[in-house]
Amino acid sequence: MSKIGKILPVALKTLFTKPSTEAYPYVKKLVEDDFRGKLEFNCDVCIGCNICTRVCPAKAITIEKVEGEEKKFKAIVHLDRCIYCAQCVDSCPKKALKTTQAFELAGFETGNMTVEV
Amino acid sequence: MGKVVVPVGPQHPALKEPEGFSLTLEGEKVVSATVRLGYNHRGIEKACEERTYTQNIYLIERICGICSHTHSTCFIQCVEELAGVEITSRAAYIRTLVGELERIHSHLLWLGVAGHEIGFDTLFMYSWRDRELVMDLLAMLTGNRVNYGINTIGGVRRDVSSEQIKDILKTVDKLEERTKYYIEVLTQETTIVQRLAGVGRLSKEDAIRLGAAGPTARAAGVKRDTRKDDPYAAYGEVPFEVITDQNSDVLGRGIVRVKELMESYKIIRYVLERLPEGELTVKVPKKIPAGEAISRYEAPRGEDVHYVKSNGTEMPERVKVRAPTLANLSSISHMLEGGYLADVPIIIAAIDPCFSCTDRMITVTDREKDSKSMLDWNKLRAYSIDWHKERGLDFSAISHLREDGR
Ligand code: SF4
Ligand code: SF4
């Protein structure tokens, strides 16, 4: 049995409700607390074991020694390669890596996408 | 009347993915149709051979943006079988939960696309608005809206808390309310019924003969569902119905999908009420014992099949993926034949195709020499550089920039 305008009453009602869309980027849509965004690195606990580099599926993270300092490391992330899977976070034995809520990471030059985190 | 051959695609024949269709028309009627694959070969299977099993989860997950959990689960089931481990029931339940949420968002997405293809954008807007509810649930459970990354070899990476369970149940109630309405719309709204009934017919015999999968097969009355036929994750314990329909047309495929949503809500409620206690993961060694395994998974689009061959190292020797769209492509030409040109987009869309998941290697046939050859990455690169050079654009000078293929 078919009815004409089954969707019409709902369409009319919807005319008087608030829009469902959000005015991004003017209104920022918040992501979840444990969103897998840009990585954060804690250089105080990293032991330079390079496990993160080895497990990364996208060859996106490298750990380098800080010049002139004993046992101090920095993390270099290729934001354009990182697929934000957080496997490095899971695999790090010292919990030196963390994901953040930062997701607006696009850029205009590939050269600028490699950053120290 | 003379016959006219019309190429449809490769740019967006139905959905926003490339695939080529060559239609032979007599007036407005399609007398024959051929499908051409191979516009979006990404080399994922080959790339898997150079990555460890853990790395491959994330690569495999990216075969498809819609059924990402499908592919990662299907692959992991192979690896777990090879390693001889059994995941905990809690992990199996969480995999089932995410799998069903994925089915809901995929079917609601399809409903919108189908509405759009027949010019019924009101339906498209409503179903995509409601789809946001389930997208938010997935983001809450896994962190992200797509590519959830919930799976790991030997279990799942994130737990479900009791607050989350409450939120999910509340949203599922809302979604159920909306779905009941969509079932009414699909079965009663004249615009839809008259437009879709009798379009893209596929009889039960043909569906079996052509190896159709998923809702395409079920809408032809074939009771085929991997969740029932070869249960994985928690499906062996969860009661649910396999929805079939006798319409055997695009309308039937729509009805099967919306009714399946109701079953998904049932499954989710069952899973959340009986979520067993236990660990999330079991330990799996990095090196997987040599052997071969095959696993099947009921994706929203039909049966997905993965094959993994291990040689005892950390990396697989061979990975093979048979996405459900491939199973349904042979039915497509059959469904198009005898129909009208104007029905082509909705018939193609009705199998809910995912062309990029399906595409594989291109074979180039030289008709004069009657020889076949394959183009690998380097040959394709050289070909494209030459092609542009003939037209006055020289890329060879900057080609070193991208030598690593990234
Ligand atoms: S989040 Fe994933 S892709 Fe990004 S650096 Fe970590 S392991 Fe690599
Ligand atoms: S895995 Fe952790 S501790 Fe090891 S190098 Fe990476 S960040 Fe440092």
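**Helix pair and sheet**

The crossing of H5(B) and H6(B) is left-handed. The model is a predicted one. Helix H5 of chain B covers residues 121-142 and helix H6 of chain B covers residues 162-188. They pack at an angle of about 160 degrees, and their axes lie 11 Å apart. Angles over 145 degrees count as roughly antiparallel, and H5(B) and H6(B) are therefore roughly antiparallel to each other.

On the H5(B) side, the residues that meet H6(B) are Leu123(B), Tyr126(B), Ser127(B), Arg129(B), Asp130(B), Leu133(B), Val134(B), Leu137(B), Met140(B) and Leu141(B). Their counterparts in H6(B) are Gln164(B), Asp167(B), Ile168(B), Thr171(B), Lys174(B), Leu175(B), Arg178(B), Tyr182(B) and Val185(B). Sorted by class, the contact of H5(B) with H6(B) has 11 nonpolar, 3 polar and 5 charged residues.

Chain A supplies the sheet. Strands of a sheet pair through backbone hydrogen bonds, either parallel or antiparallel. Here the sheet is open, has 3 strands in the order E2-E3-E5 (chain A), and its pairing is antiparallel. Strand E2 (61-65) and strand E5 (114-116) of chain A are the edge strands, each pairing on one side only. From one strand to the next, the twist averages 25 degrees.

Terms used
Residues numbered from 1 in each chain as written. Chains lettered and ligands numbered in written order. Predicted model: local features only at pLDDT ≥ 70, side-chain atom pairs only at ≥ 80, totals over all residues. Heavy atoms only, no water. Pairing = 2+ DSSP bridges. Helix = DSSP H or I, 4+ residues; strand = E, 2+ residues; numbered from the N terminus. Axes fitted to C-alpha atoms, helices over the stretch in contact; angles between N-to-C directions. Parallel < 35°, antiparallel > 145°, perpendicular 65-115°, else oblique. Left-handed = near helix turned anticlockwise from the far one by under 90°. Contact = heavy atoms within 4.5 Å. Nonpolar A, V, L, I, M, F, W, Y, C, P; charged D, E, K, R; others polar.
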